[in-house]
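The sequence and the structure come before the discussion.

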Amino acid sequence: MTNNKFRFDLRKKEKIKACKPILERLYKNHKKKYIELFFHEKDMVFEEFSLEHLVKAKILRKIGKKFRANVQVFPLSGKFICTDFIISTNSIKNGEVVRGREDVWGILTYESPYIAKKAIVEKNNIVLDLATGSGIIALFCADKAKKVIATDINPKAINYAKFNAILNGAEDKIEFRLGDMFKPIKDMRFDLIIWNGATLALPGDKEKYPVYCYGGYAGSNMTRKFIEEAPKHLTRKGKMQWLDPSLGTEKESATIKHIKEKWKNKNFKIVCEERVPPDDLFKVIDYCNKRLIYEPIHGRPKTPLEIKTITKGEVDEWMDLLKKRGYTHINALMIKVYPSTKFKIVKTKPKKIVFKRMNYLPAEWHFLSYQRILQLLKICEEY
Ligand SMILES: C[S@@+](CC[C@H](N)C(=O)[O-])C[C@H]1O[C@@H](n2cnc3c(N)ncnc32)[C@H](O)[C@@H]1O
């Protein structure tokens, strides 16, 4: 759904809650139809049982006798998370995907489910999920935490995240706040600050992209602010965790370099999990631009994820800047920070490497077969 004005109606909680058993039944007993509706975005006749509750809650709408999904509904470990399709095939005009600046970030196998399920939350923790998007990380933290505060700068994301909290019965545990970075939480402190933010390195201005992706020319705008401010919001035993697709060299990511400068006097143990070996930055850019999101629909008039077209000049300027700054590689890290007696950095690798190559923006769900989608959902379950 790329309509910036689309919002769920959050007033009738019971109606939202009533959708969960229906989604469960649909996913369990009619998996193929579930995938066609909520991953392939196909209009669908469904007469096996009533889906009216899903229509009332605006998860679906009726097109004649068929049902159409307004949002993707991602099933993960017993939860159902509604969010925008990254590409909505119902929002293609003149062969181009129409995106809204306020679109809510979709769920991709290698990303949000990974951190959500591996969150280092402990029982009774007070947690901050910064840049919550659909609220997926907050929802998983809420299983153990005493309380989660989830923030985002995008009002539409806050609406979706609130809806998902009600749908999954977590609304009493999660409080949502709208605003930029740490502003909505003022001087509060947390046992865990967790986030997966807007960290893509992209050419041109931020207005040319949805709020979910633009991280500045090097992708590090939010990360730098985070490194500056987050320690002030930690309790004595506070931890931090985030996904970091940082640029850098084959030897070191720019984030780690920055952390060494800014946190050298802090008693932090930084566990830096290298999820995929560093990959050649310019090959990855080429791969994303030429092959990943766009090609299956129509060739390539725009770079992936744009709202307004990026000019060749902007791309050239960006490439020059990246080269001048000495960025040669892209690193996919999960960073976990624990209190310690001194500053140290420990490098690790995941127990199981699922994606052997940097696959920054994998083909979107619409272009994957039913079997492949089931495989990827299984990977997410096993995280
Ligand atoms: C890639 S999405 C990830 C969303 C979610 N954490 C997840 O893992 O699915 C990045 C999120 O950062 C939010 N965001 C971008 N800039 C922000 C800022 N300055 N302060 C707070 N949130 C921001 C976006 O609205 C978006 O929801």
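A crossing of two helices is called left-handed if the near helix is turned anticlockwise from the far one by less than a right angle, and right-handed if the turn is clockwise. In this predicted model, H8 passes H9 in a right-handed crossing. The axes of helix H8, which spans residues 221-229, and helix H9, which spans residues 254-262, come within 11 Å and cross at roughly 25°. Since angles under 35 degrees count as roughly parallel, H8 and H9 are therefore roughly parallel to each other.

On the H8 side, the contact is formed by Thr223, Arg224, Ile227 and Glu228, which meet Thr255, His258, Ile259 and Lys262 in H9. By residue class, this contact of H8 with H9 divides into two nonpolar, three polar and three charged residues.

The ligand is surrounded by 21 residues, of which the closest are Trp105, Ser112, Ala131, Gly133 and Asn196. Helix H6 (136-141) and strand E8 (147-152) each supply at least two residues of this shell. The table sets out the classes of residue in the two groups.

| Group | Nonpolar | Polar | Charged |
|---|---|---|---|
| Shell around the ligand | 11 residues | eight residues | two residues |

Glu48 lies in the loop between helix H3 (31-38) and helix H4 (52-56). Is Glu48 buried or exposed? Glu48 is exposed, because 10 other C-beta atoms lie within 10 Å, and a residue counts as exposed at 12 or fewer. Although Glu48 and His30 are 18 residues apart in sequence, their C-alpha atoms are 9.2 Å apart in space.

Conventions:
Residues numbered from 1 in each chain as written. Predicted model: local features only at pLDDT ≥ 70, side-chain atom pairs only at ≥ 80, totals over all residues. Axes fitted to C-alpha atoms, helices over the stretch in contact; angles between N-to-C directions. Helix = DSSP H or I, 4+ residues; strand = E, 2+ residues; numbered from the N terminus. Parallel < 35°, antiparallel > 145°, perpendicular 65-115°, else oblique. Contact = placed C-beta atoms within 7 Å. Nonpolar A, V, L, I, M, F, W, Y, C, P; charged D, E, K, R; others polar. Near = placed C-beta within 6 Å. Buried ≥ 20, exposed ≤ 12 C-beta atoms within 10 Å, placed from the backbone.
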